[in-house]
Amino acid sequence: MRGKVAIIGVGMIPFGELFEMGLEEMVQQAYINCLNSVDKGISTKDIKAAWFGQWSGGGMIGQGALCGASLATMIGNREIPITRTENGCPTGSDAFRNACLGVASGVYDVVLAMGAEKMRDKPGVESLIAAGGGGGGILGLHPSWMLGMGGPVLQALYATRQMHELGYTMEDYARVAVKNHHNGVACPYAHYRFEVTMERVLNSPIVCWPLHLLDCCPQTDGAACAIVCRADIAKSFTDKPVYVLGSNTGLDHKNMWDKHSFVEMLSTVRAARGAFEMAGIKPDDVDFAEIHDCFTNTELMNLEDIGFCKKGEAANLLREGYWNRDGAKPINPSGGLKAHGHPIAATGIGQICENYWQLREEVEPERQVKLKNGIALSHNVGGDAFGVSCVTILSRSL
Amino acid sequence: MVQPAPASPLFWRFNPEIYQRMGMKCSDCGHITYPRRKICPECGSFNVKEHQLSKTGKVHTFCINWTPPPNLEPPIVNVIVDLDGGGRYQGLITEVANPEDVTIGTKVEMVLRKVMTDRGLNIYGYKFRLVEEG
Ligand SMILES: [Zn+2]
C-alpha cells in the first residue's frame, strides 16, 4: 500500500445469540471497547471519518435500510462523513479496506471501520431465508434458475466436485470442524465453545449432502470495529501498532453456471494475489491466518486458493496437523466462522481484531500462536455465488 | 426475499430465455451463458450473439438438499449441468425416485415443469429428468 496505514485499536463483543442486545447496543459496546483498547488513549474527536459495514440492511431486524446516519446516531457523532458498505460476506473486510484507503489517500489521519450484524432476531428458518436461502432467490433472475438455492447448496455443489476431482472425503471436511471447534473452546469471543469429534460431525443430520449440520457455521449476532491511522502518527497512540501491508477485493461471476471450476474460487485467487502484491510478500511469509470457513469444505478450498498450498493438498496437510494452532501454519486460531460464528458484516473485522491481538501477543496463553515473521492474513469470500472476496494482510513491522 | 409477481416485467422479459432456452455466446472468447446480454461476463466483449441452449447434458456437480426452502419437499437434488453443445445450466432434478441415482456425469434432459405458484398463478420453467440409457 502506497500510503502507510496502521491499526491502533480494535474492539469486539463476544459473538453469539445475543437476544438481550439490539444492533445499536452491540455497535456501541464494540466502539467503547475499541476506544478503550488504544494504549495511550484517543478522543472520539480524533476520528475524522467512518465506514459502516452492514450487510442485511435492516432486512434481519425489521427496520428500513441502514445508512451512514445510522452509525452516526449510534456512536453520537454526526460531524464526520460515514458511508455504509455492503459487499456480501466480505462486507466487514471491505469496510475496513475502504477505511484504509481513506487514510492512505491522505484525506484523513484517523478513521473508524465498524461491522455489525443481527442474525438471530429472526427465528431459524426465516433467518436463513433472509440470509440467502430463499425460495426464489431472485435478484433479477427467473425463479426457475434459482429454485431451492441457498448458502449450504452453493457450497455443497463445490464440496461434491472437490470430492470428485481432488478425492476429498466427508471425513476430510469433518476434520476442519474438529480443528476449529477445538480452537474456539479457548477463545472467549467465540459463539461455540465446545469440542466436536469426527463421529459427532459425521453423525449430525445432513443439511445438504455432502455437508452435515456440523459442517456449517452458525447464524450469529456480533459487532467488531477497528481504528486505523497514518502509520507515521501511530506511535502517538500506541507503542505496538499493527500495520496494514495489503488489503484487496477480488471478484468472480455472480452466477454459478458461469464459473470455470467448482474446486477453485477466482474471487479468492484474485483478492489474495492483489493483496500479496500490495504487501510485497509471499504466502510462505504469513505466520497464521483467519480464513472464511462458512462451511468446512470452503476452508480447504480457501487454503489452496490463497496459495498456502497446492490444489488438492489442503486435506492431507490438515491430517498431518499442519493447520493446527500449534502446527506450521495455524488456521483460524479464533475458531473461525465455524466456532467463532458468522455475523456477516462483523466477521471480517472480527478476524482483524483477532489478528491484531495475536500479533501483539495479547491472547490467552494456550491459544497464542507462534510468531516468526509477525505477519497475519485474514480472508472472506461470499456474495452472489461467492463472487466477492477480501484479503487483508497485517504485520508487526512496516 | 421479494418475489416478482408472475405478471411482472421480469417474467415477460425472460420468456425467450425460459421457453426457448435462448442464451448468449461470445464471439471473442466463446463463453456461453444465459440470460442474454449485451456484454460478455467472461471477457467483457461487446461482440456477442444469441445462442440456442441445448436441452440435454450431463451433471457437472450436484447436492442432495434435505433442508430446502419452504414449499419444496425434501430431498431435492440441485444440479449444475454441462449442456451438450456448451454452456452450463442450474436447476433441480425432477421425477427421481432415488436421489442416489444422480451422480457426476449422469445424462439429463430438460422438461417443462411448474416451478412455483404465486398468488394462485402457476409459474413454469425447466427442470432436469434423468435420461434412460440404452
Ligand atoms: Zn467473451
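Author: A word on conventions comes before the features. This is a predicted model, in which local features need pLDDT of at least 70 and side-chain atom pairs count only at pLDDT 80 or more, while totals for chains, interfaces and linings use all residues. Residues are numbered from 1 along each chain as its sequence is written, chains are lettered from A and ligands numbered from 1 in the order in which they are written, and side-chain values use heavy atoms, with hydrogens and water left out.

Reader: Which residues coordinate the zinc ion, and through which atoms?

Author: Donors are N, O and S atoms within 2.8 Å of the metal (3.2 Å for Na, K and Ca), and since water is not among the atoms, sites may look incomplete. Here the zinc ion is held by the SG atoms of B:C26, B:C29, B:C40 and B:C43, at 2.3 to 2.4 Å. Along the sequence, these donor residues follow the spacing C-x2-C-x10-C-x2-C. Helices (H or I, at least four residues) and strands (E, at least two) are DSSP runs, numbered from the N terminus. In those terms B:C26 lies in strand β1 (residues 22-26) of chain B and B:C40 in the loop between β2 (32-33) and β3 (48-52) of chain B, so the pair ties together parts that are 14 residues apart in sequence.

Reader: Why is the arrangement around the zinc ion called tetrahedral?

Author: Four donors count as tetrahedral if all angles lie between 85 and 135 degrees. Ideal angles for four tetrahedral donors are 109.5 degrees. The four donor atoms around the zinc ion subtend angles of 107 to 113 degrees, and the arrangement is therefore tetrahedral.

Reader: Are B:C26 and B:C40 buried or exposed?

Author: Buried means under 20% relative accessible area, exposed over 50%, and partly exposed in between (1.4 Å probe, protein chains only). Both B:C26 and B:C40 are buried.

Reader: How is the interface between chain B and chain A described, and how many residues does each chain bring to the contact?

Author: Contact means heavy atoms within 4.5 Å, and buried area is the accessible area (1.4 Å probe) that two parts lose on being put together, summed over both. The contact takes 43 residues from chain B and 37 from chain A, and the two chains bury about 3400 Å² between them, 66% of it on carbon and sulfur atoms. A polar contact is a pair of N or O atoms within 3.5 Å; within protein, one must be able to donate a hydrogen and the other to accept it, and residues adjacent in sequence count only if both atoms are side-chain atoms. Between chain B and chain A there are 16 residue pairs in polar contact, both at pLDDT 80 or more. On the side of chain B that touches chain A, the elements giving two or more residues include α1 (9-13), β4 (56-65) and β7 (107-118) of chain B. The largest share of that side, six residues, comes from β4(B).

Reader: Where is A:H253 found, and what does its side chain meet?

Author: A:H253 sits in the loop between β8 (242-251) and α9 (266-279) of chain A, and at 11% relative accessibility it counts as buried. Its side chain makes a polar contact of 2.7 Å with the side chain of B:E42. Leaving aside neighbours within four places in sequence, the residues in contact with A:H253 include A:D258, A:D384, B:P41 and B:E42.

Reader: How many salt bridges does the rule find over all chains?

Author: A salt bridge is a side-chain nitrogen of Lys or Arg within 4 Å of a carboxyl oxygen of Asp or Glu. The count over all chains comes to 26, whereas across the interface of chain B and chain A the rule finds zero. In one of the salt bridges, the side chains of A:K118 and A:D221 meet at 2.7 Å, N to O, and both residues are buried.

Reader: Which salt bridges does A:D172 make?

Author: The side chain of A:D172 meets that of A:R175 at 3.1 Å, N to O, and that of A:R319 at 2.6 Å, N to O. A:D172 and A:R175 both lie in helix α7 (residues 170-185) of chain A, three residues apart, about one turn of the helix. A:D172 is buried, with a relative accessible area of 2%, whereas A:R175 is partly exposed at 22%.

Reader: What joins the side chains of B:D82 and B:H60?

Author: A polar contact of 2.9 Å joins them. B:D82 is placed in strand β5 of chain B and, at 29% relative accessibility, counts as partly exposed.

Terms used
Four donors count as tetrahedral if all angles lie between 85 and 135 degrees; four count as square planar and six as octahedral if opposite donors are over 155 degrees apart and all others between 65 and 115; anything else is irregular.
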